[in-house]
Amino acid sequence: MIKLDLSHAKLNESPSAWKDKVASVDQELVNGTCKGNDFIGWLTWDKDYDKEEFARIQACAKRIQENSDVLVVCGIGGSYLGPRAAIEMVNGLYPADQKVEVIYTGNTFSSSYIAQVMNYIKDKRVTVNVISKSGTTTETSIAFRILKQFMEEKYGEEAKDRIVATTDRARGTLKSLADKEGYETFVIPDNIGGRFSVITPVGLLPIAVAGVNIEDLMKGLADGMVEYGSSNVDENPAYAYAVARRILQNQGYDVEMFVEYEPAMQKVAEWWKQLFGESEGKDGLGILPDSAVFSTDLHSLGQFVQDGKKVLFETNLYVDQAPIDIIFPHDDENLDNMNYLAGKSVDWVNKMAAKGTLEAHEVTGNVPNIILTMPGMTAYDFGNMCAFFFKAIAMTTLLNDSNPFNQPGVEVYKKNMFKLLGKE
């Protein structure tokens, strides 16, 4: 369970003052009468997911592990941020025992990036997982056409057995293509939006291919939905966090800097930014989501946080138990004058850096700080974290009387781009 500490948040009122409003919004959410209620399938997904399809995901992942060196995930937004966040958080950035390398394309128009991916995989055993509900997302469609031709030239008839499509159950360009070509398919649920989709086949297949235990992930999600299920803001840390954000914005803080101290969680922050930015950034409202990895980014952003304009608050995601720890060694010559740390855990040093930074930013810098603490960085922890942030973003956006589950502004750039590209 994620723990919440608001004692450093400088709130001018208690979240308890919002108790009645939170309970009312929670009732609308649970009863399915809230704004965007056609996209709240994630609320009961831990119980409703297709167990037969889940088993098929596990079987497909095992098959890919046996015959592939690389899985290319072809998708954008939640179709790649979620699985990448989970894989890197659980396995680390340089895993020694991950059987299949997972790489990503279909998330950019950069010709250099796409060309480098194609060059990287040319001599490897490859499987492709293309992810798109409609099959018409431009970045993904460009990359997939290139990948499809590469796979057919490399494998001939076998190509169809090395391309997996995660798409709509019954309709759309990609579903039609998959049926025609004979690709194995998995379903993107109609009632779960892309930024919530990491807990569906969208995320579960690549996560399983990377060797992460998806049963543990789903158990963490299920437990989280219970732990963060209370309508009472005093008993639900996800809702208390949601309210604290609204209080801080009312106090004039329009930017939230999401801070982690583990480089392997940098993509968790990117996933969080999409989840929060797309959900509440509408109707002229919302908090701008930003992120940093400390202590690394203290050497670039720390000066602004400490002494710059007071436009932001920090949400720190701490980890109780680092997946791997090392002991700082003794050196007889001590030429670097570092023996004062000899015998100490490096994770302890990291935690002391976090404690010192909190004090500097809160006390001297007068920056509000919210603290979230998760037990570890396991698959279970990732699933539990999903439940926490899903519940939090739904509540905090509904408190603004906005729809948490649509993204109308995203379509504007697409219309302009298609006009410039000459698409009819």
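The following legends describe close-up views of a predicted model.

**View 1**

**View 1. Strand β4 and its partners on either side.**
Strand β4 (residues 126-131) pairs in the parallel sense with strand β2 (residues 70-74) over five bridges, and it also pairs with β5 in the parallel sense, here over four bridges. Toward β5, the bridge partner of Val 128 is Ile 163. Strand β4 is mostly covered, with six of its six residues buried. Of these residues, Val 126, Val 128 and Val 130 point one way from the strand, whereas Thr 127, Asn 129 and Ile 131 point the other way, and all are buried.

From α3, the residues Glu 53, Phe 54, Ile 57, Cys 60, Ala 61, Ile 64 and Gln 65 take part in the contact, and they meet Pro 201, Leu 204, Leu 205, Ala 208 and Val 209 of α8. Sorted by class, the contact of α3 with α8 contains 10 nonpolar residues, one polar residue and one charged residue.

**View 2. Helix α3 against helix α9.**
The axes of α3 and helix α9 (residues 214-227) come within 11 Å of each other and cross at roughly 145°. The contact is made by Phe 54, Ile 57 and Gln 58 on the α3 side, and by Ile 214, Glu 215 and Met 218 on the α9 side. The residues of this contact divide into four nonpolar, one polar and one charged. Phe 54 and Ile 57 of α3 also belong to the residues that meet α8.

**View 3. The largest nonpolar core and a second, separate one.**
The largest nonpolar core has 93 residues, of which Trp 42, Trp 271, Phe 382, Met 385 and Phe 389 touch the most other members. Helix α14 (residues 379-398) supplies the largest share of this core, 13 residues. When residues up to four places away in sequence are not counted, Met 385 touches Ile 2, Met 89, Val 268, Trp 271, Leu 317 and Met 374. A second, separate core comprises 23 residues, including Val 128, Phe 150, Tyr 155 and Leu 174; Val 128 is one of the buried residues of β4.

Leaving aside residues up to four places away in sequence, Thr 357 touches Tyr 261, Phe 294 and Leu 298. The peptide bond from Phe 294 to Ser 295 is cis, with omega near 10°, and Ser 295 is found in the loop between β8 (288-293) and α12 (302-307). In general, most peptide bonds are trans.

**View 4. Two loop residues with positive phi.**
Most residues other than glycine have a negative phi. Lys 10, in the loop between β1 (3-5) and α1 (19-31), has a positive phi, near 60°, and at 32% relative accessibility it counts as partly exposed. Asn 366 is placed in the loop between α13 and β10 (369-374), and its phi is likewise positive and near 60°. With a relative accessibility of 42%, Asn 366 counts as partly exposed.

Key:
Residues are numbered from 1 along each chain as its sequence is written. This is a predicted model: local features need pLDDT of at least 70, side-chain atom pairs count only at pLDDT 80 or more; totals for chains, interfaces and linings use all residues. Side-chain values use heavy atoms; hydrogens and water are left out. Two strands pair if DSSP finds at least two bridges between them. Contact means heavy atoms within 4.5 Å. Ala, Val, Leu, Ile, Met, Phe, Trp, Tyr, Cys and Pro count as nonpolar, Asp, Glu, Lys and Arg as charged, and the others, Gly among them, as polar. A nonpolar core is a set of buried Ala, Val, Leu, Ile, Met, Phe, Trp, Tyr and Cys residues joined through side-chain atoms within 4.5 Å. Buried means under 20% relative accessible area, exposed over 50%, partly exposed in between (1.4 Å probe, protein chains only). Axes are lines fitted to C-alpha atoms, for helices over the stretch in contact, and angles run from 0 to 180 degrees between N-to-C directions.
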